[in-house]
Amino acid sequence: MIELENVVKRYGTRAAVDGMTFSIEARTLCAFVGPSGCGKSTTLRLINALIRPDDGMIRIDGRDISAMKPETLRRGIGYVIQSIGLFPHWNVADNIATVPRLLHWPKSRIERRIDELLHLLRLDPGEFRAKFPHQLSGGQQQRVGVARALAADPNIVLMDEPFGALDPPTRDALQGEIRRIQAQTKKTIVFVTHDMDEALRLGDRVAVMESGKLVQFATPAEILAKPANEFVRQFVGGADMSIRVLAVARVAERMTRGGTAEGEPIRDSASLKEALTSMMTSRREALPVTDEKGGRVGVIRLADLARL
């Protein structure tokens, strides 16, 4: 668990982070979102002790990080940034191995970990191990950056707008990969973004920030249903909130248990937006729903999607 208690960071007379208090549960994905200059990246750097707070306390698993050596803290936290920061003269394997080598892992263990992570990020080790960063696309470089952050198997991974410079299709694909990786590895991931759609799609919890203050900290569904104030309402999208609910809510939340329907089944983990697309494509008003093992668990109807 990551806990912030009345954390303040000032630059001159301005508080970039002003009395921030909230807790991030272990094994969840928390998105920090807000306009430029709201304090989200500063808060991320405070968690990693790249900068120190002027007031307040930050604890990780109950330990005050100010009492820890910065290098010890950071070796237990993966860090991914927008500029990626791969070492240009090292190949993919060497870049991924950076922290495990600092931790003096045996060579055989490092080699296994490199292959494991490349498979996890859907990069063929035989093709990508020996490549250099300039030989990779932007999306591939970002995947290697994520693999490097995961290399030493940290419990926490911090991501500072890692997909901001990517084209929309690549960005969408990598968003899905991060959600899949988090579900598979159960890491605690803290993700900074200025894009509310990205925050709502990825976050188990979303911290909405404005002018250094925490405005709302809640699940995506709660933020859409009950924005804390007019700033959150407008940042979420005002009149478009009902459309956003379709992308956030899951079929499992709206389906009817039991029942029968014809057509291509849809997973209970799919979004209502995906269900609506499938219904429109197949020209059906109901679809069978399956669980992750492929077993039939219920039916989702067009009328269920309208209960926004």
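Modeller: Let's begin with the helices around the largest pocket: α8 (168-185), α9 (196-202), α10 (220-225), α12 (241-248) and α14 (272-282) each give at least two residues to its lining. Helices (H or I, at least four residues) and strands (E, at least two) are DSSP runs, numbered from the N terminus. A pocket is an open set of points on a 1 Å grid over the protein atoms alone, where a 1.4 Å probe fits and protein lies on both sides within 12 Å along at least five of seven lines; lining residues have an atom within 4 Å of a point.

Before going on, please keep in mind that this is a predicted model: local features need pLDDT of at least 70 and side-chain atom pairs count only at pLDDT 80 or more, while totals for chains, interfaces and linings use all residues. Residues are numbered from 1 along each chain as its sequence is written, and side-chain values use heavy atoms, with hydrogens and water left out.

Back to our pocket. Among the helices, α8 is the biggest contributor to the lining of the largest pocket, with seven residues. The whole lining has 31 residues, and those nearest the centre of the pocket are Arg201, Ala247, Arg250, Ser271 and Glu274. The volume of the largest pocket is about 1000 Å³, where a volume is the space filled by probe spheres set on the grid points, joined across faces, edges and corners.

What is the lining of the largest pocket like by class? It has 14 charged residues, eleven nonpolar and six polar. Here Ala, Val, Leu, Ile, Met, Phe, Trp, Tyr, Cys and Pro count as nonpolar, Asp, Glu, Lys and Arg as charged, and the others, Gly among them, as polar.

Now set the second largest pocket beside it. This one holds about 500 Å³ of space. Its lining has 21 residues, with Arg74, Ile77, Gly78, Tyr79 and Val99 closest to the centre. At least two lining residues come from each of α2 (70-75), β6 (77-81), α4 (98-102) and α7 (138-150). Strand β6 supplies the largest share of this second lining, five residues. By class, the lining of the second largest pocket has 13 nonpolar, four polar and four charged residues.

Next, follow strand β10 (213-218). Gln216 sits in this strand and counts as buried, with a relative accessibility of 11%; buried means under 20% relative accessible area, exposed over 50% and partly exposed in between (1.4 Å probe, protein chains only). The side chain of Gln216 reaches two backbone atoms: the oxygen of Lys226 at 3.0 Å and the nitrogen of Ala228 at 2.7 Å. Both are polar contacts, meaning a pair of N or O atoms within 3.5 Å; within protein, one must be able to donate a hydrogen and the other to accept it, and residues adjacent in sequence count only if both atoms are side-chain atoms.

Ser211 has a positive phi of about 50° although it is not a glycine, and it is exposed, with 57% relative accessible area. Compare Asp61, in the loop between β4 (55-60) and β5 (63-64). Its phi is near 50°, again a positive value in a residue other than glycine, and Asp61 counts as exposed at 55% relative accessibility.

Last, look at the rings. The structure holds four aromatic pairs. One of them joins Phe22 and Phe32 edge-to-face, at 5.7 Å centre to centre with 85° between the planes. Since Phe22 belongs to strand β2 (residues 14-24) and Phe32 to strand β3 (residues 29-33), the pair ties together parts ten residues apart in sequence. Both Phe22 and Phe32 are buried. Another pair, Phe87 and Trp90, is tilted, at 4.7 Å centre to centre and 50° between the planes. Phe87 is partly exposed, with 37% relative accessible area, and Trp90 is partly exposed at 37%. For such pairs, rings of Phe, Tyr and Trp (its six-membered ring) must have centres within 6.5 Å; planes under 30 degrees apart count as stacked, over 60 as edge-to-face and the rest as tilted. Finally, ring pairs link Phe22, Phe32 and Phe217 into a cluster.
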